[in-house]
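Subject: Structure for you to look at

Hello,

Here is the structure I said I would pass on. My notes on what was found in it follow below.

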Amino acid sequence: MDTRPVAVAVDGSDHSLRALEWAVPTARRLGAELVIAHVLPDSTQLWAARRSALGPGPELNDPVTDRVRAALSGRDGLPSVRYDSLEGDVPDALHALGAGARMLVMGSRGRGGFASLLLGSNSLAVATRAPCPVVVVPRLARTGQDEPAAGRVVLGLHLAETADEVIEFAFVEAAARGVPLQVITACPGPPPAALMVAGEFPPAALDRDQYEGAERDVTHEQSDRLSRFRERFPGVEVDPVIAPADAAGHLVDASASAALIVVGRHRRRLAPGALLMGSVAHAVLHHTECPVAVVPVHGDA
């Protein structure tokens with residue numbers, strides 16, 4: 001049994017409070033403790049420097065805590081809640097927190113930066129290198145609050161690169177929510193009809209017969225990858241989808257009605273230590289309409 005907590009980073013911003021709203025029912029569904037973490041500003045000690053139970057106390061009288069209390073007030077059936085204050089650079093502090101967490105939940109942006117940005121630099125940095133799955137919650141995403149989970153979980157499955165940890169995370173989330181799991185795998189598609197008429201073919205395009213053969217192969221491979229997880233999670237309804245090309249585009253489209261998108265970080269082909277992630281995860285983080293879980297490969301932090 002996984003006894004690690006669900007951690008959520010808060011800084012008092014609306015973005016971080018949306019992340020808190022998402023983290024509360026998630027921790028409760030998983031039977032996990034919820035750790036609410038704040039990185040202390042260098043210039044002041046707004047929060048207590050020790051771990052303590054979240055509750056009234058003179059050490060917690062600050063604007064951030066007031067907003068957290070307001071967000072949690074009136075809720076029934078809260079999970080076990082603990083507060084953790086952190087010091088130092090935000091990505092580094094949250095990286096250390098993630099080492100002992102089941103997942104780390106963040107808003108898409110914090111208090112600083114440009115209001116027009118959909119994804120802040122800290123959120124991107126943490127999603128890129130944290131040792132645990134990082135869930136980034138867009139400001140306008142449906143968080144569920146105390147209502148039952150709604151919408152399916154969607155997994156972006158790259159047959160050559162997506163690790164088993166990523167697939168397992170998606171199945172666990174779908175099982176905990178009691179919702180279907182849609183699995184989207186991209187397959188190189190045939191060229192658009194207009195290009196075929198003009199006699200032009202993109203380099204990666206397949207003709208119709210080639211595409212049908214490739215689609216059969218990808219369908220078979222996808223089924224093989226999912227088979228043992230279906231056995232482990234028999235209560236999860238799986239909807240396998242083979243989509244032509246553009247995996248990121250299909251996942252972004254799916255986010256309009258999904259509860260959660262799950263992608264792998266896919267850094268194995270990049271230079272060691274590079275603060276980058278795969279192009280699909282990067283694109284989905286920047287354009288999604290629902291929370292996105294970026295799941296690392298074991299030992300990839």
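"Meet" here stands for contact, that is, heavy atoms within 4.5 Å. Helices (H or I, at least four residues) and strands (E, at least two) are DSSP runs, numbered from the N terminus.

Before the rest, a note on the source. This is a predicted model, in which local features need pLDDT of at least 70 and side-chain atom pairs count only at pLDDT 80 or more, while totals for chains, interfaces and linings use all residues. Residues are numbered from 1 along each chain as its sequence is written, and side-chain values use heavy atoms, with hydrogens and water left out.

Helix pairs

Two packed helices are described by the angle between their axes and the distance between the axes. For α8 (residues 247-254) and α9, the angle is about 30° and the axes are 9 Å apart. That makes α8 roughly parallel to α9, a label used for angles under 35 degrees. The axes are lines fitted to C-alpha atoms, for helices over the stretch in contact, and angles run from 0 to 180 degrees between N-to-C directions. α8 passes α9 in a right-handed crossing, meaning that the near helix is turned clockwise from the far one by less than a right angle.

Which residues of α8 are buried? They are Ala248, Gly249, Leu251, Val252 and Ala254, where buried means under 20% relative accessible area (1.4 Å probe, protein chains only). Their cover includes β7 (153-156), β8 (181-187), β10 and α9.

A second pair is α3 (residues 90-98) and α4 (residues 121-129), which pack at an angle of about 40° with their axes 9 Å apart. The crossing of α3 past α4 is right-handed. Val90, Pro91, Asp92, Leu94 and His95 of α3 make the contact with Asn122, Ala125, Val126 and Arg129 of α4.

The whole chain and its cores

The chain has nine helices and eleven strands. Of its 301 residues, 50% count as buried. Among contacts with a separation of 6 or more, 78% are between residues 24 or more positions apart.

In soluble globular proteins, nonpolar side chains tend to be buried together. A nonpolar core is a set of buried Ala, Val, Leu, Ile, Met, Phe, Trp, Tyr and Cys residues joined through side-chain atoms within 4.5 Å. The largest one here has 49 residues, and Leu20, Val105 and Val262 have the most contacts inside it. Helix α1 (residues 14-30) gives the largest share of this core, eight residues. Apart from it lies another core of 33 residues, including Ala93, Ala130, Leu251 and Val292.

Leucine 20 touches Val8, Val10, Leu34, Ile36, Val68, Ala71 and Leu72, not counting residues up to four places away in sequence.

Two single residues

Threonine 26 lies in helix α1. Is threonine 26 buried or exposed? Threonine 26 is buried, with a relative accessible area of 1%. Beyond its neighbours within four places in sequence, threonine 26 is in contact with Met103, Glu173 and Arg177. Threonine 26 and arginine 177 are 151 residues apart along the chain, and their C-alpha atoms are separated by 8.5 Å.

Histidine 266 sits in the loop between β10 (260-264) and α9 (279-287). Histidine 266 is buried as well, with a relative accessible area of 16%. Leaving aside neighbours within four places in sequence, histidine 266 is in contact with His158, Glu161, Thr162 and Gly278.

Regards

Notes: Angles under 35 degrees count as roughly parallel, over 145 as roughly antiparallel, 65 to 115 as roughly perpendicular and the rest as oblique.
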